[in-house]
Amino acid sequence: ALRRTARRGVTVAAVVHQPSAMVFSMFDCVLLLAKGGRVAFCGRVADIEAHFNAIGFALPARENPADWCLDVVSGSAATADGGTHPGTHAVLEAWLASDAFAKTRREGDGESAAARALESLLIGDASKSADDGGAECQQAPRCAQPPTHLRSQSLSFAAQSLPRSESSTSMDSVVMSVEPSSAHRRTASLDFFRSLVAPHEAEALARSVVQRVVGEVREAGRDMRRALHTPNVDSNLRPAPGFAAQFGLCVYRALVQRMRDIRQLLQEWAVMTFTGLALAVVMQRDDQEIPGSVTSIANMLTAFSLLTALAGVTVFSAERVIYAREAGYVNPVAYFFAKDALECANCVVIKPLLFLAAFYSAWQPRGTFAAWYAALAGASYAVSGASYVVSIVLRDRTTAMLAAAAMALTCVLVAMQGSDQYLALQKCTFAHWALQALVIAEATQMEGVWLLTRCASLEYLGFDVRARWTCLGVMLAIGAAARLGGLFALIVRYRP
């Protein structure tokens, strides 16, 4: 991905410690730092082997070039003739004495010297120096000079547009003629540039430099005001994509991340399937009365809720650092619901199907498969929403998992209380409505003599056989409310 980005013309900088040979070959340039942050090499990857060969090191056969470079810099690599390493200090001195370092030094000195020469030209007054000499120029008031930050910009622009004679030498020779004379720097520089630039061209050059400086300053001011007053824009001031585009990009990125860790996803599905099968084998089933099956159904609901709650915690806790870094550029609503949409396909559709396929085939309840699946899907939607809130509010992932598991277990225990004093609290939990939906699924399939006891059993439990769709609607409402709370916590918790 970084290679494709670099091919588009974007500069990519990466800090790596032990890259593979393939990754190392992808870089164009490399900077090697020795102990203390001192530079041991800076240049193209293709030149690094020749540089170290010149100072007595040879790359062994079938050796990772990156590891070999680190060994040379750290002082643990042997020389080409099998001798001991001369020391890190020798490697650093070899870089300072190399042609590559000298070339870099000359380029840097040439740019700074040219800037100093142009500074002496721009600060002085051409007309006064030509008529009155250097003494008059020295008496010029300092307040007439442009500010320092504008002079530095003027030098960079003038260096690009300065006309040069064919018979003249490089800018380095200009520096040599200007540097020794500190007392008459302005006069000397003007005399030299007078041979290169005509008087009318010098005035036009100065005017063009000033205009370019003023234009650049105004453009920088407009960019700064635009950056301060425009919300959610990137560094290039490009218009941010809309909600639909960001939603699609976030869904695609989440899908790619899931597919990269397909082994973990398959393990989660295997755990759900095995749990459903194990519960069906060890649980007892009462075919005569409904209350006898309620305890077994509640135990199954407890195990399913715990697995769903723990899986829901990992949705946002794993990308907490990523979202905190991108909070100023990504639409939080698009990001949240994109992650939720992909997780709903996993936790609300696939996992309940796998769990129930194993449990239903072994336990063989009376209710239909569709009724049981709808109840478990609604419970999973509600539990996963509550897990989102827990994982976003609590920073530590382990603490969030413990809190989510305690929440799911507490809801099931509250739903199992038969006293009317807990009825109001029971109706606020997902477990009450999920348990009622599962019991109703069993009761609607009773026939014959069992119809005589069905009404009494439902009245004893406080359930209504006609409230099947009400149970599903309440669980969906609990899940939706929990997701809105998670979105609010995400925006407040990681405010850019």
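I began with Lys351, which I found in helix H17, a helix running over residues 332-363. I note here that I am working from a predicted model. Leaving aside neighbours within four places in sequence, I listed the contacts of Lys351 as Glu268, Trp269, Met272, Ala311 and Asn346.

Next I turned to the nonpolar cores. The largest has 46 residues, and I recorded Ile297, Met300, Phe355, Phe359 and Trp372 as those with the most contacts inside it. The elements that give two or more residues to this core are helices H14 (262-282), H15 (291-317), H17, H18 (369-393), H19 (397-415), H21 and H23 (468-493). Which of them gives the most? I found that H21 does, with 10 residues. Apart from this core lies another, of 19 residues, and I noted Leu32, Val73, Val91 and Leu92 among them.

I looked up Trp372 separately. Setting aside neighbours within four places in sequence, I found Trp372 in contact with several residues, including Ile297, Met300, Phe359, Trp363, Pro365, Leu438 and Ala441.

My next entry concerns the second largest pocket, for which I wrote down a volume of about 860 Å³. Its lining has 27 residues, and those nearest its centre are Ala14, Val16, Phe27, Cys29 and Val30. Helix H1 (2-7), helix H2 (21-26), strand S1 (29-33) and helix H4 (65-74) each supply at least two lining residues, while the largest share, 5 residues, comes from S1. Sorting this lining by class, I recorded 23 nonpolar, 2 polar and 2 charged residues.

Last, I looked at backbone angles in two loops. Arg62 is not a glycine, yet I found a positive phi of about 60 degrees for it; Arg62 sits in the loop between helix H3 (45-54) and H4, and at 89% relative accessibility it counts as exposed. Gln364, also not a glycine, has a positive phi of about 55 degrees. I placed Gln364 in the loop between H17 and H18, and with a relative accessible area of 54%, Gln364 is exposed.

Technical notes:
Residues are numbered from 1 along each chain as its sequence is written. This is a predicted model: local features need pLDDT of at least 70, side-chain atom pairs count only at pLDDT 80 or more; totals for chains, interfaces and linings use all residues. Side-chain values use heavy atoms; hydrogens and water are left out. Helices (H or I, at least four residues) and strands (E, at least two) are DSSP runs, numbered from the N terminus. Contact means heavy atoms within 4.5 Å. A nonpolar core is a set of buried Ala, Val, Leu, Ile, Met, Phe, Trp, Tyr and Cys residues joined through side-chain atoms within 4.5 Å. Buried means under 20% relative accessible area, exposed over 50%, partly exposed in between (1.4 Å probe, protein chains only). On a 1 Å grid over the protein atoms alone, a cavity is a set of points where a 1.4 Å probe fits but cannot get out, and a pocket is an open set with protein on both sides within 12 Å along at least five of seven lines; lining residues have an atom within 4 Å of a point. Grid points are joined across faces, edges and corners, and a volume is the space filled by probe spheres set on the points. Ala, Val, Leu, Ile, Met, Phe, Trp, Tyr, Cys and Pro count as nonpolar, Asp, Glu, Lys and Arg as charged, and the others, Gly among them, as polar.
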